[in-house]
Each structure stands twice: as structure tokens, then as C-alpha cells.
Amino acid sequence: MYQIVEKEALVPNIIYLKIRAPKVAKAARPGQFVIIRVDETGERVPMGLAGWDAEEGTIEIVFYVLGTSTMKLGTLRVGDSVLNLAGPLGTPTEVGNFGTVICACGCFGIGPTMPLIKALKEAGNRVITAVEGRSREFIFWEDRLREASDEVVILAGDGSCGDAGWTNDFIKRRLAEEKIERIFVHGCPFMMMEAARASEPFGVKTIVSLTPLMVDGTGMCGACRVEVGGETKFACVDGPDFDGHQVNWETLALRLRQFIPEEDRSHMLWERDNWHRLVELAPQALNPTLGRSEEKNKKKAACSS
């Protein structure tokens, strides 16, 4: 059993967990992920590593509460445990002294971007971090990102703070202004696709991190197959990093949507039987802005300064 030692609701529907997993923490590298199963009936869900501490024996994850399994995970308390945790899995991100790089991230992708930024800086790169969110309320860890990066650009889709627009808009502007050697993107598939399409005309290598539906995580089941450069790859062993210009995003989107009816039914049934857990255990996880008007005001003040 893998015990939760720290939990925080970061923004609406996005939760941070620190979990005790000593063996995983000792071997983890930037770009790798773990597969978590909450209980006997839970799915095996891949999640990028947002950090780790080998001495403390802990790992960190950031996830979006979307379906049944993430809802179960989101309602656990500090002191509770998940049943299974396998990792670190996947090939670590290639880190070298490239020059000036962009780390584009959004939503849960901010999590796995953090250790990558640190590794790129240690390798001697100038790191520009671009963070997107629908509004200022969906941006988190800005202080950590600024501390680790050379430059941080906040992009709010509604224009509420920082630059209006998304990371793909920023990528187009910045590539037209200066030489960028490489781009790394973490976030939802649509965000990664748009970022890769924005950089493709400039010929700048763009690495995306794909963690689609997985079962065993060792390349045996084929559930996580993706088409890259006209060839079939397995995200669990060949990835999760791939050249975003070579990914067949259309087929990936179709595969990600194939179980939506079953996922909706599972979510509805679990929520009906466990509504009390949602109310008692995670009111802020589902809407962390409740009772946090003071913090909200501080964020607004930071935006205007």
C-alpha cells in the first residue's frame, strides 16, 4: 500500500498528492510516469511525475478530477493509501545543453513540467516557461515556475491576467522573434497538438508527452499505441515523449474517445453511490475557490501589479 502523506486542492478540479513510494523515488527521472490503481475495481491510470524526494521516499503527482478513478483518488485523505503504484515507467526525457528552450504547459501538465525545467536548467539551458489556463483561477505554482525558469509567461484564455491567448499563440510569436532550439509541451492532448502545429512551420523540434489509456505499462497489451511518423509506437515503453510534428493527432483523438459512453456510465453510478464522500472528503477538491476569497484577492492584486 502506498500512503498519501500530503494533499492539496490547487485549482478547480486539480489536486496535488505526495505519496510514499521509496523505490520509485530513488529511480525517477524527468519525463517518467507512474501507473496508479486506487482500489480493486479502479482503473490503472498513468500520471506524470511532478517531483520526487529520494531521501524522503516520496513522489508527487498532479491530476485532473475527470472520471471515476480520479474521483476516487481525489476523495482520499492524508493517511489513506492507494492499492497499487507501478513505476517509474517510460523513457526519461532527453536532456542536453540545447540553448534556449520553451517549456509549454497547462492544467495538470504544469506538474511534470517542474522537474523537467530544473533538469534543463542544470544542463545549462535558458528556459522560457509558458503557462496557459482558461482564466487566472486555473494557474498554479507560478512562484515555483518563476524560481526555476529564466522567464515565465502567463497566458489566460479569457485575458484575465498576463497575455491573452494560449501557449500556441505564444509559440508563434516567440519563434518569429528569436531562435529557439527546442520546445517541450505537457498538458491535455488538444493543447499539445496545437502547440506542435504552431511550431511546425518554423522547424523547431517539439517534444510532447503522451500518456493515453494504458493497462500493463510494459508494452504487452498494446492499449497505449499511437501512430508516430507512420509507425505504431507504444507510449508506455517508446514514450511518453514523442516528436509532436510526427504524431497522428486525429487517430489519437479517436482512441481517447472510444470508451466515453462506458466512462460516463461508470462515473454516474459511482457518484450516485458515493455522493457523501464527495461532500465530506473533498469539497475544496471539486471547487477549491470555496472559502478562499482572501487568496483570490491576493491573486488579483498580483495580476494588476
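Buried residues are those under 20% relative accessible area, exposed residues are over 50%, and partly exposed residues fall in between (1.4 Å probe, protein chains only). The model is predicted: local features need pLDDT of at least 70, side-chain atom pairs count only at pLDDT 80 or more, and totals for chains, interfaces and linings use all residues. Residues are numbered from 1 along each chain as its sequence is written, and side-chain values use heavy atoms, with hydrogens and water left out.

The chain has 11 helices and 16 strands. Helices (H or I, at least four residues) and strands (E, at least two) are DSSP runs, numbered from the N terminus. Of the 305 residues in the chain, 50% are buried. Contact means heavy atoms within 4.5 Å. Among contacts between residues at least 6 apart in sequence, 66% join residues at least 24 apart.

An unreviewed UniProt entry places the feature "binding site" at Cys221, Cys224 and Cys236. UniProt positions are given in the numbering used here, feature names are shortened, and annotations may be inferred rather than shown by experiment.

Cys236 is buried, with a relative accessible area of 3%. Its place is the loop between strand S15 (231-234) and strand S16 (241-243). Not counting residues up to four places away in sequence, Cys236 touches Phe33, Gly90, Met214, Gly217, Thr218, Gly219 and Cys224. Cys221 is partly exposed, at 37% relative accessibility. Cys221 is found in the loop between strand S13 (206-209) and strand S14 (225-228). With neighbours within four places in sequence left aside, Cys221 is in contact with Val215 and Asp216.

Two packed helices are described by the angle between their axes and the distance between the axes. For helix H6 (residues 189-199) and helix H7 (residues 249-256), the axes come within 11 Å and cross at roughly 175 degrees. H6 is therefore roughly antiparallel to H7. Axes are lines fitted to C-alpha atoms, for helices over the stretch in contact, and angles run from 0 to 180 degrees between N-to-C directions. Angles over 145 degrees count as roughly antiparallel. On the H6 side, Pro189, Met192, Met193, Ala196 and Arg197 meet Trp249, Glu250 and Leu256 in H7. The residues of this contact divide into 6 nonpolar, no polar and 2 charged. Here Ala, Val, Leu, Ile, Met, Phe, Trp, Tyr, Cys and Pro count as nonpolar, Asp, Glu, Lys and Arg as charged, and the others, Gly among them, as polar.

Within H6, Met191, Met192, Met193, Ala195, Ala196, Ala198 and Ser199 are buried. Their cover includes strand S8 (100-106), strand S9 (126-133), helix H5 (167-177), strand S12 (182-186), S13 and H7.

Thr100 lies in strand S8. Thr100 is buried, with a relative accessible area of 15%. Leaving aside neighbours within four places in sequence, Thr100 is in contact with Arg126, Ile128, Glu178, Lys179, Ile180, Glu181 and Arg182.

Arg265 lies in helix H8 (residues 260-273). Arg265 is exposed, with a relative accessible area of 52%. Arg265 and Gly67 are 198 residues apart in sequence and 10.0 Å apart in space, C-alpha to C-alpha.

Terms used:
Angles under 35 degrees count as roughly parallel, over 145 as roughly antiparallel, 65 to 115 as roughly perpendicular and the rest as oblique.
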